[in-house]
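Hello,

Here is the structure I promised to pass on to you. Have a look at it first, and then read on for my notes.

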Amino acid sequence: MAQLFRTLQPVQETQTVTLPDAVGRIVADRVVAPVSLPPFRASAMDGYALRKEDLQQHPQSTFPVVGESLAGHPFTGRVERMQCVRVFTGALVPDDCDQVYLQEQTETLEDGARFTGEMPKQSYIRGIGHDIIAGTCLSEPGHQLNAFDTGHLAAAGITDVVVQRKVRVGVFSTGDELVEPGTAPGLLKAGQIYDSNRFTVVSLLARAPCDVTNYGALADNPDAVKAALKQASQECDVLITSGGVSVGDADFVTSAIASLGSLGFWRLNLKPGKPLAFGQIDNCYLFGLPGNPVSTIVTLLMVALPAITFMAGHAPEAPLAVNARLTSAISHEPGRMEFQRGVYKAHAAGLEVAVTGDQSSNRLSTFSGANCFIEVPKTSGNLEVGSTVRVLPFKGLLG
Ligand code: AMP
Ligand code: MG
């Protein structure tokens with residue numbers, strides 16, 4: 001992957017978006033807080049604001065209540081010695097006061113408030129900038145904004161954020177056997193199957209920082225594949241195809257990329273996922289994913305999606321991995337790293353994981369009910385029940 005990241009040129013253009021559109025986008029310019037939060041000294045509790053010194057010197061006295069400070073309705077008068085002001089959480093604490101006394105420990109009398117509890121150990125006043133200090137950086141370039149960030153930025157009064165432009169991604173499937181889902185099963189001719197890869201690829205990219213164009217399915221026809229890839233490469237930063245990359249007679253994608261631009265053919269030591277084509281036509285990068293549906297998904301998640309995220313300006317991150325105890329045996333021949341599909345569950349004793357049946361790379365059903373990949377190291381042989389394996393939860397992979 002490091003080699004791939006060295007090849008890829010991240011998108012340079014930026015754009016300004018407003019907060020509702022900012023989630024998932026990659027920050028381009030540092031976001032600096034223009035104000036502090038809170039912007040004034042605010043009460044952390046409902047109670048009474050007064051001078052701590054007065055309370056310490058006259059703990060038994062009744063303090064006249066000279067006003068009220070509510071959230072959004074500050075008390076603006078002066079608070080004299082031995083006086084107090086009723087305050088509520090989030091309300092401005094008058095400058096004269098350096099202590100809030102909790103209402104639960106206060107007795108309200110005709111002529112004022114008397115404090116019945118212990119001397120408070122803290123002021124219950126949130127200082128200016130207790131949460132956010134004006135001038136500090138709230139989001140660094142390269143950070144992918146999330147829902148928490150929108151609240152954080154809104155709290156600092158920010159609505160506009162400069163982000164990287166989305167990566168333009170075009171998705172194709174290839175194969176003469178493919179029929180558009182929705183076609184009545186009775187109309188399927190011998191040898192035909194429904195196209196599924198385009199749907200999984202488009203859906204798996206839905207939350208990535210990219211704009212996806214679904215270019216449909218290509219016939220196994222060299223001229224048609226070439227013309228379509230040439231045209232789409234002028235419209236996109238990245239093209240993703242599935243099928244047509246293995247060394248067979250009907251593998252037109254690799255030859256089309258080679259004749260239109262440059263082709264780097266990768267024999268990823270990955271199961272499922274071999275082979276994978278990578279190439280470039282002008283400024284557009286192409287990922288020719290293998291056609292078997294499971295291989296398509298694994299190579300998309302492990303190679304193409306991180307590449308797109310990198311091009312979007314987001315620093316690459318290793319996927320989250322946790323250890324789990326295997327509850328079903330895994331058969332594996334040493335040689336290639338394998339990502340089997342599994343279901344992990346949390347138990348009191350820790351995580352347990354089981355594979356989802358026959359793991360053939362054509363079996364999309366292995367993803368049904370799955371919530372993780374089980375990483376089987378390339379040197380590993382068969383794994384017994386009870387073995388400890390590394391599990392990659394899909395949540396971490398899907399962003
Ligand atoms: P290929 O790499 O084109 O030789 O395809 C490998 C296998 O994946 C074949 O069984 C294809 O029928 C199947 N396949 C290729 N593309 C798709 C697709 N878009 N949807 C479902 N299956 C596909
Ligand atoms: Mg094919």
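A salt bridge here is a side-chain nitrogen of Lys or Arg within 4 Å of a carboxyl oxygen of Asp or Glu. Before the examples, two words on conventions. This is a predicted model, in which local features need pLDDT of at least 70 and side-chain atom pairs count only at pLDDT 80 or more, while totals for chains, interfaces and linings use all residues. Residues are numbered from 1 along each chain as its sequence is written, chains are lettered from A and ligands numbered from 1 in the order in which they are written, and side-chain values use heavy atoms, with hydrogens and water left out.

Salt bridges

Side chains of opposite charge can pair when their charged atoms come close. By the rule above, the count comes to 15 salt bridges.

One of them joins aspartate 54 and arginine 81, whose side chains meet at 2.8 Å, N to O. Aspartate 54 belongs to helix α2 (residues 52-57) and arginine 81 to the loop between β6 (65-69) and β7 (84-87), so the pair ties together parts that are 27 residues apart in sequence. Helices (H or I, at least four residues) and strands (E, at least two) are DSSP runs, numbered from the N terminus. Are these two partners buried or exposed? Aspartate 54 counts as buried, at 1% relative accessibility, whereas arginine 81 is partly exposed, with a relative accessible area of 44%. (Buried means under 20% relative accessible area, exposed over 50%, and partly exposed in between, with a 1.4 Å probe and protein chains only.)

Another salt bridge brings together the side chains of arginine 30 and glutamate 140, at 3.9 Å, N to O. This pair links distant parts of the chain, 110 residues apart: arginine 30 is in the loop between β1 (14-18) and β2, and glutamate 140 is in the loop between β12 and α3. Glutamate 140 counts as partly exposed, at 45% relative accessibility.

Arginine 390 and glutamate 375 also form a salt bridge, with their closest N and O atoms 3.0 Å apart. Here the link is between strand β27 (residues 388-393), which holds arginine 390, and strand β26 (residues 372-376), which holds glutamate 375, 15 residues apart. Arginine 390 is partly exposed, with a relative accessible area of 40%, and glutamate 375 counts as buried at 14%. Elsewhere, salt bridges that share partners join Glu13, Arg165 and Asp237 into one network.

Helix α3

Which residues of helix α3 (residues 147-155) are buried? They are Asp149, Thr150 and Leu153. They cover an arc of only 105° around the axis, which puts them on the same side of α3; the arc is that of the directions from the helix axis to the C-beta atoms. These buried residues pack against β2 (31-32), β12 (137-139) and β13 (160-164), where contact means heavy atoms within 4.5 Å. On the other side of α3, Ala147 and Phe148 are exposed. After α3 comes glycine 157, whose phi is positive, near 80°.

Ligand 1

Among the 15 residues around ligand 1, Glu177, Asp195, Ser196, Gly244 and Gly291 come nearest, a residue being near if one of its heavy atoms lies within 4 Å of the molecule. A polar side-chain atom of glutamate 177 lies 2.6 Å from an oxygen atom of ligand 1.

Happy exploring!

Notes: Polar contact = N/O pair within 3.5 Å; in protein donor to acceptor, adjacent residues only side chain to side chain.
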